[in-house]
Amino acid sequence: MRSSFSEQLFYGINYMVLAAAGLLCFLPLVHLASLSLSGKDPVMSGFVTLWPMEFTFESYTMLFKGTPVVRAFANNVLITVVGVALSMMFTVFAAHPLSRKAFYGRRFITLAIVFTMLFQGGLIPTYLVIKQLGLIDSYGALWLPGLISTFNMLIMRSFFENIPEELDEAARMDGCGEWRLLIRIILPLSLPMLATIALFYGVQYWNSFFNVLIYLNSPEKYNLTVLIQQMVRSQTILQEINSMNQQEVPNITPEGMKAAGIMIIIIPMLLVYPLLQKYFVKGVMIGAVKG
């Protein structure tokens, strides 16, 4: 059916607004990439906008040579991979029983979990609990407080509720146990949702900042987010790197290294997203429409 003039006008305005919003998000990223790949003179002169000038990788080279960015990147990978695995496992263990009507007390337990979205213990009590558990200065302090996201658990529970319980009954009649039912039937049917929740958890752990500052005391355990933030704020680190640059690589600036560090944080998530994109659109709409 042919669209009316008012509908075409509406869609045209929507496209323009979305395109403008997309550019507002994309252009700063392009500017950072250009700064990180430009030479010293264009950066110091302020001529770099959306295209590198005097193209060079020396900012990245010096960043890897002069700072513990490789170790911080490895810490980031460890925090994210283990954190996502633990969070996905425990979120599934919480969401699947709560999605089944036969589970006794599921309404009360669900309300108790939702209560934690509105009221929390607070920073100091949480820190004292983590300290009593002996998790200070360990990655367990990052994984335990965020082990299960209530929001993600509710999304997962809604998806599981839409899977017909007749599948459960048919599987049990064939002698399938609870574990086999979950692993062989429920989870394979839930790939869009699992990919979406894994992406949510991955971004959360990859960008961990506040918890790292609070619970980790050893600088060698810091992740990329904290390391780059310290580089941006600490003039001492930048001066040490800059003095090294004057002897070895004079064609870079602290601003270029800051941009290179930020790009190193952003690029892994940009690479992961296309791998999950085919699941993401379907998974993010979970619970939007109720039948």
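## Cysteines

Cys 25 is exposed, at a relative accessible area of 63%, whereas Cys 176 is buried, at 15%. Here buried stands for under 20% relative accessible area, exposed for over 50%, and partly exposed for what lies in between, with a 1.4 Å probe and protein chains only. A search of the whole structure for disulfides (pairs of cysteine sulfur atoms within 2.5 Å) finds zero.

This is a predicted model, in which local features need pLDDT of at least 70 and side-chain atom pairs count only at pLDDT 80 or more, while totals for chains, interfaces and linings use all residues. Residues are numbered from 1 along each chain as its sequence is written, and side-chain values use heavy atoms, with hydrogens and water left out.

## Overall composition

The protein chain has 15 helices and zero strands. Both are DSSP runs numbered from the N terminus: helices are H or I with at least four residues, strands are E with at least two. Of the 291 residues of the chain, 37% count as buried.

The accessible surface of the protein chain comes to about 17,500 Å², and 68% of that belongs to carbon and sulfur atoms. These areas come from the Shrake-Rupley method with a 1.4 Å probe; for residues, only the protein chains shown count as cover. Contact means heavy atoms within 4.5 Å. Among contacts between residues at least 6 apart in sequence, 73% join residues at least 24 apart.

## Nonpolar cores

A nonpolar core is a set of buried Ala, Val, Leu, Ile, Met, Phe, Trp, Tyr and Cys residues joined through side-chain atoms within 4.5 Å. The largest one has 30 residues, and Met 88, Met 156, Phe 160, Met 193 and Ile 197 have the most contacts inside it. At least two residues of this core come from each of H4 (69-98), H7, H8 (150-161), H10 (178-186) and H11. H4 gives the most to this core, with seven residues.

Another core lies apart from it and has 18 residues, among them Met 62, Leu 63, Leu 224 and Ile 252.

## Helix H8

Helix H8 is mostly covered, with nine of its 12 residues buried. The buried residues are Thr 150, Asn 152, Met 153, Ile 155, Met 156, Arg 157, Ser 158, Phe 159 and Phe 160. They pack against H4, H5 (106-118), H10 and H11.

The expected span of a helix is 1.5 Å times one less than its number of residues. For the 12 residues of H8 this gives 16 Å, and the end C-alpha atoms are 16 Å apart, which agrees.

Helix H11 (residues 191-206) has 16 residues and should span 22 Å; its end C-alpha atoms are 22 Å apart, in agreement. Its buried residues are Pro 192, Met 193, Leu 194, Ala 195, Thr 196, Ile 197, Leu 199, Tyr 201, Gly 202, Tyr 205 and Trp 206. Val 203, also in H11, is partly exposed at 34% relative accessibility. The C-alpha atoms of Val 203 and Thr 80 are separated by 8.2 Å, although the two residues are 123 residues apart along the chain.

Ser 208 sits in the loop between H11 and H12 (210-215) and is buried, with a relative accessible area of 12%. A polar atom of the Ser 208 side chain lies 2.8 Å from the backbone oxygen of Tyr 205. Leaving aside neighbours within four places in sequence, Ser 208 is in contact with Asn 223 and Thr 225.

## Leu 142 in helix H7

Leu 142 belongs to helix H7 and counts as buried, at 5% relative accessibility. Beyond neighbours within four places in sequence, Leu 142 is in contact with Ile 79, Tyr 205, Asn 211, Val 212 and Leu 216. Leu 142 and Ile 79 are 63 residues apart in sequence, and their C-alpha atoms are 7.9 Å apart in space.

Glu 54 is not a glycine but has a positive phi of about 55 degrees. Glu 54 lies in the loop between H2 (40-45) and H3 (58-66) and is partly exposed, at 44% relative accessible area.

Asp 137, likewise not a glycine, has a positive phi of about 65 degrees. Asp 137 is placed in the loop between H6 (123-132) and H7 (140-143), and at 18% relative accessibility Asp 137 counts as buried.

Notes. A polar contact is a pair of N or O atoms within 3.5 Å; within protein, one must be able to donate a hydrogen and the other to accept it, and residues adjacent in sequence count only if both atoms are side-chain atoms.
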